[in-house]
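Dear colleague,

Please find the structure below.

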Amino acid sequence: MISHKSLLYNLFIAAIVFSQVTFSQVIFRDLPNYKINTSDQLFFDITDTRDVISLNGNWKVYPSDDEKKEKVSVRVPSIFEGKGEFIFEKSFPLTNAQLNNHKISLNFFGLNYSADISVNKVIIYRHPGGEFPFTVSLPRDILRSDKDNIISVKLSYELDSQNTIPLKQRFLFPQNFGGVIRDVYLHLTPNVSISDFTFKTDVDLKSNKAEISLKSVIDNKEFKKINDTLGTQSNFTLRTQIFYPDGKTSLSSGSSAGFSDNNFVLKQNKQIEIKNSITIVSPTLWSPENPASYVIRLELWRGDQLIDRHDQSVALFSLASSQDNLYLNGKEFNLYGVTYTPSFYQYGSLTSFERMESDLEKIKQAGFNSVRFSKSLPNPYYLRLCEQIGLLAFIELPIANLPEGLAGSQNFVVRSKNYLSSLLKAYQDFSAVGGIGFGSSYLFSSDSHRALLSELASQVKKSRSILTYASFFDFEYQQINNLDFYGIEFLNQTPADKQSEVTNFIEAAGKGKLFIGEATYTVNVGQTDGYVNKFSYEAQAKFFDDMFSFYESNNLSGFFANTMYDLRGDFPSIISGYKDENIYNIGLVSEERSQDRLAYKVLSARMRNTEKVTIPIGSDKDDAPMIFIITGLVLALLMGVLVNSGRKFREDASRALLRPYNFFADVRDQRIISAYHSLFLALIVALVSSLIFANLFYYIKNNVLVEKILLAFGSPGLISGISYLAWNPVKALIWLFVLAIIIMILLTIIITASSFFVRTKVYLSSVFFTVVWALLPVVLLIPVGIVLYRLLNAGVGNIYMYLFLVAFVIWLLYRLLKGISVIFDVNAGGIYFYGLLSILILKIIFLLYYEVNNSVFQYLKLALKQFNIFG
């Protein structure tokens, strides 16, 4: 019998298959049975006088460079995988009454990346790029009621290494897709309406009062004549009403509440700004334990006629930081936080309203009181849910591992500030936001990072009284103006190892200014019998248990575990294990939301102060692949067979190793060299080479620096290939063996082709023998290949091992170039020069390609500086 979960999973997979539309190299995906949740009228601003018209559903899409305009039907919201520029078109009708009696705005909850938006072939807005929500007013003169209107979105999507936010190179970031990725709808308001409403709250804990400052803009776009006197047309009243969290108590303007109705005259095609201030005595303060919100209602009246009504939810609370503590509503408050990055299979952040709610509910149930929307901007509905459920929301720029050169670039600084302005405007109506952040993995030691953060923090402070923060990779604290508190990052590190740095940090800044910004532990070996096995689920649980103890013992202001759910990324992650889907196993809960991992249970118990969850110690298992030992022994056996095959091989090997000039001269002069021995030796050399490199790849599988260096090149294929080799030692031996054979064949062909530039006749067989016998010393590394991973894993003298291998490669290169000079019968100096020059040119071409396309040097410099290498 098939379980309900299995059935639902199979249906979900089937839905994915049948909900894809494909262009060349671009795949569109929409969410089956998606519905906009307009039942939440407060969120969508639906009242007696206001309404919405959904523009979700079928849109016509075609590439912008398609002259034939062959359109396909794509549902919105949706995402597409790939890059390109597409035209999205949607027709919508308007009745004569809707057009003449309303102002109409076009609302996007998010699209990615940049877009030109036009209605009826008139460009009305240019979206500079980013997933933040935005609203565009539609001029009435370009709309029509006699036939359908057509909205057109010319959307361009391609992230790059310098000009987009987020950047192309992203470490443990979620997948980033192009498309109209969230809801689109029309918002209808009366011709005379409250067009712009903002509020600020100020909680005075000493006097036990709260003040809400309101600013409203009333806009009169009513041009139609009405059968009344001119005075009645122009006289209006703005009434304010506050509903208490209990749903029963309310205060109205004109009563004894301390604020009155606003009577004013407003002519046609004019605006007026009205400011109000409301004082609430003994207010009900919002907190994670008591998520109680007020509702402010603004009503616009003309005599006895209600013209417009707008409702706004407001959470009253005070969140402040000092050197010693973080305070919520005057009481010491500790951030029990988790990062949340929406990631749902192949859909990226695209999900239903119900899934958004269930995800945040699970976070709340675990015992967290805060959620940090890191590495991507949230759907605004998440912030509505945070206010309702009782989670402090922290939103931030999706920036991490920012190269210093870019941070110091005036173009990027301006772009970041513009992006931040759009972010602040997009989320200004959501009052459960605890802080605005600027991203992660900054460096205190970087002047350009500190300058950028200071500018961004100053910009936030000018527009909103709210905490600002950023997360740092290093611990070398330096004060940054207008930045309220600082996050520190732990990635696969034991927090106690950084105790001295944190102690110095606290002495300099104060423990109230410091929080654990990201605590991340990658899992790549799955479940074992205990936490002594690194990178297991048990080790992850021990990591978070230690992190919580570290936070408590240092009295920090809080922490953010990274992250709640597993996510998928655009770049493969070596340290998270090789997977075709690029799944990052860093979550407290699996991607399917079905498995609460041991780390989740441990951290939840610590936060809720319930019975401690036992983490098994287990026994340390040797993870050195047996295939390395077997291969080494087989190679030793094969080499023994070859050595004992006859005196001829032993003599040739001795001469090739000890007197290479004489040996290569014999090769040039076509003296007898056994082809059988050479072929057999070539196979052994190739297999030994593959064994050495397989050891090295397997060792770097948990190395963060190596992954960041590879990520600097901005090539998912490069990282994927190395990750595959690192996590599949048997297949790595096979593929590296094949690659070694191919390289020897290519070298033979290239060197033979080069012989046309010399006068001596050089035979193909002579070149092949030279290549093979020049690499003869490789067979001496057979014992090294058996134990190399164990030696490196022991961590004793690794630098000397690397130097030895580098020196060995240089020796092999010297032998090869010497052999070429002998068989070419030319001066060795010239061969050394042109050989090394050719290698240098190839490396320069390789690096220049990635520098031009992905700015590799800036990212390499940052990675090395983060790990204090050539810093």
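**Overview of the chain**

The protein chain holds 24 helices and 34 strands; helices (H or I, at least four residues) and strands (E, at least two) are DSSP runs, numbered from the N terminus. The model is predicted, so local features need pLDDT of at least 70 and side-chain atom pairs count only at pLDDT 80 or more, while totals for chains, interfaces and linings use all residues. Residues are numbered from 1 along each chain as its sequence is written, and side-chain values use heavy atoms, with hydrogens and water left out.

Along the principal axes, the C-alpha atoms of the protein chain fill a box of roughly 120 × 65 × 65 Å. Of its 871 residues, 55% count as buried; buried means under 20% relative accessible area, exposed over 50% and partly exposed in between (1.4 Å probe, protein chains only). Among contacts (heavy atoms within 4.5 Å) between residues at least 6 apart in sequence, 73% join residues at least 24 apart.

**Two pairs of packed helices**

Two packed helices are described by the angle between their axes and the distance between the axes. Axes are lines fitted to C-alpha atoms, for helices over the stretch in contact, and angles run from 0 to 180 degrees between N-to-C directions.

Helix 13 (residues 626-643) packs against helix 16 (residues 675-699) at an angle of about 160 degrees, and their axes are 11 Å apart. Helix 13 is therefore roughly antiparallel to helix 16; angles under 35 degrees count as roughly parallel, over 145 as roughly antiparallel, 65 to 115 as roughly perpendicular and the rest as oblique. The crossing of helix 13 and helix 16 is left-handed, a term used if the near helix is turned anticlockwise from the far one by less than a right angle, and right-handed if clockwise. The contact of helix 13 with helix 16 has 13 nonpolar, 4 polar and no charged residues. Here Ala, Val, Leu, Ile, Met, Phe, Trp, Tyr, Cys and Pro count as nonpolar, Asp, Glu, Lys and Arg as charged, and the others, Gly among them, as polar.

For helix 5 (residues 353-366) and helix 6 (residues 380-389), the axes come within 10 Å and cross at roughly 40 degrees. These two helices, helix 5 and helix 6, are therefore oblique to each other, and their crossing is right-handed. Phe353, Met356, Glu357, Leu360, Glu361 and Lys364 in helix 5 meet Tyr381, Tyr382, Leu385, Cys386 and Ile389 in helix 6. By class, the residues of this contact divide into 8 nonpolar, no polar and 3 charged.

**Helix 24 and its surroundings**

Among the buried residues of helix 24 (residues 856-866) are Val856, Tyr859 and Leu860. The buried residues of helix 24 pack against helix 7, helix 9, helix 17 and helix 23. Asn854 lies in helix 23 and is buried, with a relative accessible area of 3%. Leaving aside neighbours within four places in sequence, Asn854 is in contact with residues including Ser161, Phe713 and Tyr859.

**A buried histidine**

His127 lies in strand 10 (residues 122-127) and is buried, with a relative accessible area of 2%. A polar atom of the His127 side chain lies 2.8 Å from the backbone oxygen of Gly130. His127 and Asp116 are 11 residues apart in sequence and 6.2 Å apart in space, C-alpha to C-alpha.

Yours sincerely

Definitions and conventions: A polar contact is a pair of N or O atoms within 3.5 Å; within protein, one must be able to donate a hydrogen and the other to accept it, and residues adjacent in sequence count only if both atoms are side-chain atoms.
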